[in-house]
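Subject: Structure handover

Hello,

Please find the structure below. My notes on it follow.

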Amino acid sequence: MRLVYTPEAVSDYRCLVCEHWLESYLLKDECITIVRILDGRTDYLRVLF
């Protein structure tokens, strides 16, 4: 898997796209915290904002 989007704004959140899923996660030290998993086929911008 690879990071596909790096936001312009400074943020600790990272995003990963896998097939049609968008995963938001935080990486702190050696711990990964999954914040949200969204179906990319839906109107995910409405959910986020």
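Let me start with an exposed residue. At 73% relative accessibility, Asp29 counts as exposed, because exposed means over 50% relative accessible area, buried under 20%, and partly exposed in between (1.4 Å probe, protein chains only). Asp29 sits in the loop between S2 and S3. Its phi is near 55°, a positive value in a residue other than glycine.

Some ground rules. This is a predicted model, in which local features need pLDDT of at least 70, side-chain atom pairs count only at pLDDT 80 or more, and totals for chains, interfaces and linings use all residues. Residues are numbered from 1 along each chain as its sequence is written, and side-chain values use heavy atoms, with hydrogens and water left out.

**Overall layout**

The chain has one helix and three strands. Both kinds of element are DSSP runs, numbered from the N terminus: helices are H or I with at least four residues, strands are E with at least two. From the N terminus on, the order is β-β-β-α. The chain has 49 residues, and 14% of them count as buried.

Contacts are worth a line too. Contact means heavy atoms within 4.5 Å. Take the contacts between residues at least 6 apart in sequence: 0% of these join residues at least 24 apart.

**The sheet**

The three strands make an open sheet in the order S1-S2-S3, with antiparallel pairing. Why does one side of S1 and of S3 lack a neighbour in the sheet? S1 and S3 (31-39) stand at the edges, each with a single partner strand, so one side of each has no neighbour there. The twist averages 25° from one strand to the next. For the angles, axes are lines fitted to C-alpha atoms (for helices, over the stretch in contact), and values run from 0 to 180 degrees between N-to-C directions.

S1 (residues 13-18) and S2 (residues 21-28) pair in the antiparallel sense over six bridges. S2 and S3 also run antiparallel, joined by eight bridges.

Glu23 is a handy reference point in the sheet. Glu23, in S2, is the bridge partner of Leu16. In S3, the bridge partner of Glu23 is Ile37.

**The S1-S2 turn**

S1 and S2 form a hairpin, with two residues between them. Glu19 lies in this loop. Its phi is near 55°, again positive in a residue other than glycine. Glu19 counts as exposed, with 72% relative accessibility.

**Cysteines**

How many disulfides does a search of the whole structure find? The search finds zero. The criterion is a pair of cysteine sulfur atoms within 2.5 Å. Cys15 counts as buried at 18% relative accessibility. Cys18 is partly exposed, with a relative accessible area of 29%.

**Salt bridges**

The count comes to two salt bridges. The rule asks for a side-chain nitrogen of Lys or Arg within 4 Å of a carboxyl oxygen of Asp or Glu.

- Asp39 with Arg41: the closest N and O atoms are 3.0 Å apart. Asp39 counts as buried at 17% relative accessibility. Arg41 is exposed, with a relative accessible area of 63%.
- Asp43 with Arg46: the closest N and O atoms are 3.7 Å apart. Asp43 is partly exposed, with a relative accessible area of 46%. Arg46 counts as exposed at 67% relative accessibility.

**Asp39 in more detail**

Asp39 belongs to strand S3. Which residues does Asp39 touch, not counting those up to four places away in sequence? They are His20, Trp21, Leu22 and Tyr44.

Arg41 also meets Asp39 through its backbone. The backbone nitrogen of Arg41 lies 2.9 Å from a polar atom of the Asp39 side chain. A polar contact is a pair of N or O atoms within 3.5 Å; within protein, one must be able to donate a hydrogen and the other to accept it, and residues adjacent in sequence count only if both atoms are side-chain atoms.

Best regards

Conventions: Two strands pair if DSSP finds at least two bridges between them.
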